[in-house]
Amino acid sequence: MTVYVPPGIPTALRPKLTAILGDLPRFARLLKVQDKESKRLVPFQALPMQTKLFEAVQAGHKRIVIVKARQVAATTACKLVLHWLATSTTEEAMYAIVSMRDDSATAMLGDNRRWLEHPPKALQRKLSTKAKGGIVYADTKASIKAFTSRSESGLRSFSPAAAVISEAAYAPDLEEVIAQVDAAVGDGLLMVESTANNPADFFSQLVRGAPQNGWLLLTLFWWEHPLYRDPPAMIPADFEASLSPDELQLQERYGLDLGQLHWRRRTEARIGSAHKFRREYPACLDDCFLDRQGGYFEDGAIEGVAVVEPQHGVQGHELEAPHHEDRYVMGVDVGGGVGGDFSALCVVSVATRQIVYVERSNTVTPAAWAHRAIQVGARYNQALILAESNNHGHAFLLEANSCRYQALWLNPATGKPWVTTLASKLEAFDTLRESLQLIRMIDRVTWMELRSLTIPPGKVAPEAPRGAHDDAAVACALAFRALRDVPASWRTGALSSTRSRVETLLSSARARRLRSSSGLPF
């Protein structure tokens, strides 16, 4: 690219300065940043996440999404990329910083203003005195401006050459913000960075679909950080023999050495909680989404559950085949089948209290979903099916009754089907909350939806975040609610082999998870 070099630079120095100003890492070393310990300005030295971003930008990636852990300086790196682009371009180009609030958007320009004074005097340039807000170079008219993601107009009247959306997960309507900024940037560079907020919000959807949808996903987990490793002198001679099963599993999954494992154990002990360690020092994307703002389930409530990965190309997800001596219940949530909300079903074993089969679709009509539920229910020993009778559930139950399926749930007190109300929804989810301590494994879709449930301000019932789904979570809650009303004879037939069945399933789930650990752990 053509690099702008101030006209006052001697001819002999221009090639060398062109090489420096045209190279992002070398340009960054002309600047200073605040040291976290001393709070003093020190020469910039790229941290691992910053190096990842610089390499991605210079490799030509145009859509980059960053999931931040704490203290990896990703925001600084994004602002530095814009600063480099604005400083080196010869064009009258605009670069945009988009943040959640006006004050934070303006504050984010603070580093960019300070960086203007850091290069040698010969490279410092005058700013336009006519510019209102932002930073505008007087010579090229290249600029960096700040915007808020709460603005209704956003960047509709602008065409930035590059933009960064900061703390994107906390934008009121991230899907709309990204649509606006993406259209404004066009073929330019768009960086989206944020700490994770909710495992089913639009930011998490962007992260999960990044490779398939043309986005480059950048992460930095604790085991990738070179400083998070103790030297051999700190490691006791018997340390390796003392490794716990969880530590051995982490060692195998991430290829950890003893120095990393010792640092992890020591740091976790200092923090005082395994949950807090995972939150502060995530090892995978799941860890990034541990804490949810306004989450319905308490932090850590479902963290001990083994997550079973989906089976690609399979209609449903079978965690365990039907056992001839067991009985089962099924919760069913019914959607319209027109591509919007999903229909979902969840089968739970009466003997083990474990989820054994799940399935969902948003293209099957309520009547056809009744046929599918009957097929699954018949396979699982005539499972007791609990489905709501209002909304699309009415058509589902009509079809199920016309098929003469005998095991449809009815209220023991009234003899009527389930009606979803505020009270009954809370009853189902409260029943599921009480059962969480018994659940040992769960499929990933249901797990994600349960973790994403929040109670919005002013409301009392859990909901999925905007743009997300809770169909699998509702089906799961209805299944565990149905467990309360199974005949006594079903309970007395509980198997003596229950414990061994669960342990066998957990072993299989762990093996599958380890085999898939090379891919995205999300």
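## First stop: a helix pair

Helix H8 passes helix H9 in a right-handed crossing (right-handed if the near helix is turned clockwise from the far one by less than a right angle, left-handed if anticlockwise). Helices (H or I, at least four residues) and strands (E, at least two) are DSSP runs, numbered from the N terminus. To see the pair, select residues 245-254 for H8 and residues 258-271 for H9; their axes come within 11 Å and cross at roughly 135°. That makes H8 oblique to H9, where angles under 35 degrees count as roughly parallel, over 145 as roughly antiparallel, 65 to 115 as roughly perpendicular and the rest as oblique. Axes here are lines fitted to C-alpha atoms, for helices over the stretch in contact, and angles run from 0 to 180 degrees between N-to-C directions.

Now show side chains. H8 brings Glu-247, Leu-250 and Gln-251 to the contact, and H9 brings Leu-258, Leu-261, Arg-264 and Arg-265 (contact means heavy atoms within 4.5 Å). By class, these residues are three nonpolar, one polar and three charged. Ala, Val, Leu, Ile, Met, Phe, Trp, Tyr, Cys and Pro count as nonpolar, Asp, Glu, Lys and Arg as charged, and the others, Gly among them, as polar.

## What kind of model this is

This is a predicted model, in which local features need pLDDT of at least 70 and side-chain atom pairs count only at pLDDT 80 or more, while totals for chains, interfaces and linings use all residues. Residues are numbered from 1 along each chain as its sequence is written, and side-chain values use heavy atoms, with hydrogens and water left out.

Zoom out to the whole protein chain. Its secondary structure comes to 18 helices and 16 strands. Of its 522 residues, 52% are buried (buried means under 20% relative accessible area, exposed over 50%, partly exposed in between, with a 1.4 Å probe and protein chains only). Among contacts between residues at least 6 apart in sequence, 70% join residues at least 24 apart.

## Second stop: a five-stranded sheet

Next, find the open sheet of five strands in the order S11-S14-S13-S12-S15, with mixed pairing. Two strands pair if DSSP finds at least two bridges between them. At the edges are S11 (317-318) and S15 (384-387), each of which pairs on one side only.

Select S12 (residues 328-333) and S13 (residues 343-349): six bridges join these antiparallel strands. Tyr-328 has Ser-349 as its bridge partner in S13, and Asp-333 has Ala-344. On to S14: six bridges also join S13 to S14, again antiparallel. Across that pairing, Ser-343 stands opposite Ser-361 in S14. The hairpin of S13 and S14 has five residues between the strands, and there Arg-353 takes a positive phi near 60°.

How many residues of S13 are buried? Seven of its seven are. Ser-343, Leu-345, Val-347 and Ser-349 lie on one side, with Ala-344, Cys-346 and Val-348 on the other, and both faces are covered.

Select helix H14 (residues 422-435) together with H16; the two pack at an angle of about 80°, with their axes 8 Å apart. That makes H14 roughly perpendicular to H16. The contact includes Phe-429 and Leu-432 of H14, and Val-474 and Phe-480 of H16. Its residues divide into nine nonpolar, two polar and two charged.

Ser-389 is in the loop between S15 and helix H13 (393-402). Is Ser-389 buried or exposed? Its relative accessible area is 19%, so Ser-389 counts as buried. Leaving out residues up to four places away in sequence, Ser-389 touches His-394, Leu-397, Pro-417, Trp-418 and Val-419.

Asn-381 sits in the loop between H12 and S15. Although Asn-381 is not a glycine, its phi is positive, at about 55°. Its relative accessibility is 23%, so Asn-381 counts as partly exposed.

Finish at Glu-167, in the loop between strand S7 (162-166) and helix H6 (174-185). Glu-167 has a phi near 45°, a positive value in a residue other than glycine. With 24% relative accessibility, Glu-167 counts as partly exposed.
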